[in-house]
Amino acid sequence: MVSDEKLHLPLEEVNRFAKRDPQKFIAYSESRYRRQIDEVADQFASSFPQHRIILLSGPSSSGKTTTSHNLDTALEARGISTFPLSLDDFFFDRDQAPLLPDGMPDLESPELVDTALLDQTLSDLFKNGSADFPIFDFKTGKRSAETRHFEYDDHTAIIIEGLHALNPLISEKPALKEAMRLYISIKTEYYEGEERILSTRQLRFIRRIIRDNNFRGCPPKGTIAMWKNVVRGEEEHIRPFRTLADVWIDSVHLYEPMLYRPIAEKLLTPCLNDPDSEKEARVLLSALEKFTPLSGVRLPPDSLLREFLENL
């Protein structure tokens, strides 16, 4: 069982590092995250092939997608082939989603995952050495008529990534009971003395606002409007199972509030004139203004933060 204790990072210290040598600060932050990936890969490799599945769970904007890719690369370097699998592809059609009390579809519910199909497909894969995996079409909100065929052998590990990967509705399925369980989120918060300046959830919120604007065609007002329901889903369906993980990966990159500040100011300032998003925008902007802004810096091409950013 992993600890839920947060790391408190002094604001003065990170601002000092950012001013002194921003590229060195970036390199240190990146290596801090990479060390965690290597440690997980070593731990998994030591028990492979007795254990051949990794379950990777975490809340919105925690870095699951990039971390899945990075684990794939790390395991390949250790001689283990990998098959990345997203739980999203096992979604029921969106019109089958359970309803919230207000009649809206609950798109945060684990009941959206066809757990029976997941278990059966994995069982067929291990028994027959091959199986056809579903593909979910997010544009139509339905399962595609096409499937993805996969051949399996004893030299291959499967990395299953998704919001609900540690939920017992999924993790206790027979094919998954012996999986290595990973939880990824931000586990570091920024403090000025005894005052918390930026919480883990607020930092993920900023990530989500920037990512949605850059890659999902959703402006900040839209992300702010849906965030309350995202948080509700986390509290009900994701966070209760975080301590069941074997390992908790802290996806924070210590320099990211400095990097986000000028981007978030541009995106969130117009929200100050909107009564539905003004409060949330003001809180985030107030926190970010305490960080030394970074601009003109270079990120590694495979940085996790590129999951949220573009053209850096």
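**Exercise 1.** Work out whether Thr 66 is buried or exposed in this predicted model.

*Solution.* Start with the number: the relative accessible area of Thr 66 is 13%. The cut-off for buried is under 20%, so Thr 66 counts as buried. Finally, look for its neighbours. Leaving out residues up to four places away in sequence, Thr 66 touches Tyr 33, Asp 302, Leu 304 and Glu 307.

**Exercise 2.** Find out how strand β7 (residues 180–185) is enclosed and which strands it pairs with.

*Solution.* Count first: 6 of the 6 residues of β7 are buried, so the rest of the structure largely encloses this strand. Then check the pairing. β2 (residues 53–57) runs parallel to β7, joined by 4 bridges, with Ser 57 partnered by Tyr 183. β10 (residues 247–250) is also joined to β7 by 4 bridges and runs parallel; here Ile 184 stands opposite Ile 249.

**Exercise 3.** Describe how helices α6 (residues 200–215) and α7 (residues 220–237) cross.

*Solution.* Take the axes: they come within 10 Å and cross at roughly 135°. That makes α6 and α7 oblique to each other, and the crossing is right-handed. Now see who makes the contact: among them are Phe 205 and Ile 209 of α6 and Trp 227 and Val 230 of α7. Sort the contact residues by type and you get 8 nonpolar, 2 polar and 6 charged.

Methods:
Residues are numbered from 1 along each chain as its sequence is written. This is a predicted model: local features need pLDDT of at least 70, side-chain atom pairs count only at pLDDT 80 or more; totals for chains, interfaces and linings use all residues. Side-chain values use heavy atoms; hydrogens and water are left out. Axes are lines fitted to C-alpha atoms, for helices over the stretch in contact, and angles run from 0 to 180 degrees between N-to-C directions. Helices (H or I, at least four residues) and strands (E, at least two) are DSSP runs, numbered from the N terminus. Angles under 35 degrees count as roughly parallel, over 145 as roughly antiparallel, 65 to 115 as roughly perpendicular and the rest as oblique. A crossing is left-handed if the near helix is turned anticlockwise from the far one by less than a right angle, and right-handed if clockwise. Contact means heavy atoms within 4.5 Å. Ala, Val, Leu, Ile, Met, Phe, Trp, Tyr, Cys and Pro count as nonpolar, Asp, Glu, Lys and Arg as charged, and the others, Gly among them, as polar. Buried means under 20% relative accessible area, exposed over 50%, partly exposed in between (1.4 Å probe, protein chains only). Two strands pair if DSSP finds at least two bridges between them.
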